[in-house]
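Biologist: Could you walk me through how to read a structure like this one? I would like the general idea each time, then the case at hand.

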Amino acid sequence: MTMTRPGVTALWDELCSRVKAGDRFAGLFATRTGGALVLSAHVATAGSIDTLEVPLPPGAAGYPALTPRLGAAFWYEREIHDYSGVVPEGHPRLAPLIRPGPPEEHALPRHVAGYGIFTIPHGPVRSGVMESIEYLVETPGEAIPHLNMRVFYKHRGVADRFAAMTQDDGVLLAERAEGTASVAHALAFSHAVEQIARCQPSPAAGLARVLHAELERIANHLDVAVRLADAAGLAVATARFALHKERVQRLVSAMCGSRFGRGVVVPGGVSALPQLPPAQIRAEIDRLSQPIAADAAALMATSSFLDRLRGTGPLTPARARQHGALGPVGKAAGYTDDARLARPYDAYPSLAVEPARKHAAGDALARLRVRWEEVDQAFALLRQVAGELTERSGDPPRLPCEPGRGRAVGWAEAPQGEVLYDVALDAGTIIRCQPRSASFHNLVLMHEVFTGDILTDFPFIEASFGLSVAGVAL
């Protein structure tokens, strides 16, 4: 539902009031419509995503910033300034975020003063297969009193590329926006298109979508385990979890021809049902789950490993709730808003999706525990899906999704948390598409979790967040 408000202050008043009452701030962006800049805020409710909008006066050079009233808007308003040049007046720091500024703005900022304080620029090129991001670590030698991040090195202009694409081409770009969450992005985009076209995928297509989404979740969580084990110097654990991830991706490839599940999700359903019979899928799931569970139990019984994670990079429950932290980052700190439960889609309403267990520590260890719980839950869901697919073999994989006209917001629960797509179509052609990943929403919290930690904790904190820079700098 889209609602227009008469002024910026009135919109911020309503937004802050709704967040205080229990809704969640889900995003903020700006678009130009007829020469005027329109601010659009997303609010997550029980069952839907609402959009609150306000047009700025023509030629407006600024507007009252939301960030001083709602800290979760900090990066969103920096992005708006990057793209439009319009100033959120009162914003605490308008350094370039997505688009790099002029060279003179690239000087190392100083936020901490004191004897012996210096800045370590870590990145954007780092050893190993790592995404391009520059961490600016201000330190007296070991402690990390302040961390800043520059993500613009990864910016690819994905959101701009959607314009003038057809809806069928748009889903191909969506699943490449953030490679580690290809299925989730394709789902969120397709859900928006399906709302506009008023089409509903068949039950079998809904099951196939869940199948690929949950395998993507398992692969991502295994990747986090690989990185954490590697940071701890556990060579055997690193190799074992890398092997498990490889086997999961080979199963995905056997089902659809792509290790990342690309080309499966399309508006109206799926391009084809799995190429493996349900009984074989069930057997493969059982073959995967048992050794993963055994190795996870062994890792979580390794005291030297647990010592590195316990108390490292804690996010407080109050801060998680205030920010609306998504996915495992939020769940580990006691805040849960899982779209599969709160705003269910595809086959999830008919499946037994268990609510997340309660956690409060908010540290790297709690985040890993949440991931293992989600892996167990994913395997349980996959078994249900395999059983129900047997009874749905006659369903069409894709139903007609006629090119429509209108605007809608689609969502999906990626391994990192909720993904949103705000899509506007005209006769099936994309007028505008605004994606928002969980990585963008959550990564800003890394600024805040280093209190009491030291430089050698850095790889554990980064890995435990499990986010993607590609998803931030779209």
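**Reading the model together**

Modeller: Gladly, and let us begin with charge: the protein has 47 positive and 50 negative side chains, and the centres of the two sets lie 1 Å apart. Lys and Arg count as positive and Asp and Glu as negative, with His and the chain ends not counted; each charge is placed at NZ of Lys, CZ of Arg, CG of Asp or CD of Glu. This is a predicted model, in which local features need pLDDT of at least 70 and side-chain atom pairs count only at pLDDT 80 or more, while totals for chains, interfaces and linings use all residues. Residues are numbered from 1 along each chain as its sequence is written, and side-chain values use heavy atoms, with hydrogens and water left out.

Biologist: How many helices and strands does the protein have?

Modeller: There are 16 helices and 14 strands. Both are DSSP runs numbered from the N terminus: helices are H or I with at least four residues, strands E with at least two. The radius of gyration is 22 Å, close to the 23 Å that the globule rule gives for 474 residues, so the protein is as compact as a globular protein of that length. That radius is taken over C-alpha atoms, and the rule is 2.2 Å times the number of residues to the power 0.38.

Biologist: What share of the residues is buried?

Modeller: Buried residues make up 57% of the 474. Buried means under 20% relative accessible area, exposed over 50%, and partly exposed in between, using a 1.4 Å probe and protein chains only.

Biologist: Which residues touch the most other members of the largest nonpolar core?

Modeller: A nonpolar core is a set of buried Ala, Val, Leu, Ile, Met, Phe, Trp, Tyr and Cys residues joined through side-chain atoms within 4.5 Å. In the largest, with 89 residues, they are Phe162, Phe189, Trp372 and Tyr421. Helix α6 (residues 203–231) gives the most to this core, 15 residues. A second, separate core has 53 residues, including Leu37 and Met149.

Biologist: Is helix α15 mostly covered or mostly open?

Modeller: Helix α15 (residues 458–465) is mostly covered, with seven of its eight residues buried. Among them are Phe458, Glu462 and Phe465. After α15 comes Gly466, with a positive phi near 60 degrees.

Biologist: How should I read backbone angles?

Modeller: Most residues other than glycine have a negative phi, and most peptide bonds are trans. Here, Arg198 has a positive phi of about 55 degrees although it is not a glycine. Arg198 is in the loop between α5 (182–197) and α6, and counts as exposed at 77% relative accessibility. Asp346, also not a glycine, has a positive phi of about 50 degrees; Asp346 lies in the loop between α12 (339–342) and α13 and is partly exposed at 21%.

Biologist: Which residues does a cis peptide bond join?

Modeller: Gly123 and Pro124, with omega about 5 degrees. Pro124 is in the loop between β7 (118–122) and β8 (134–139).
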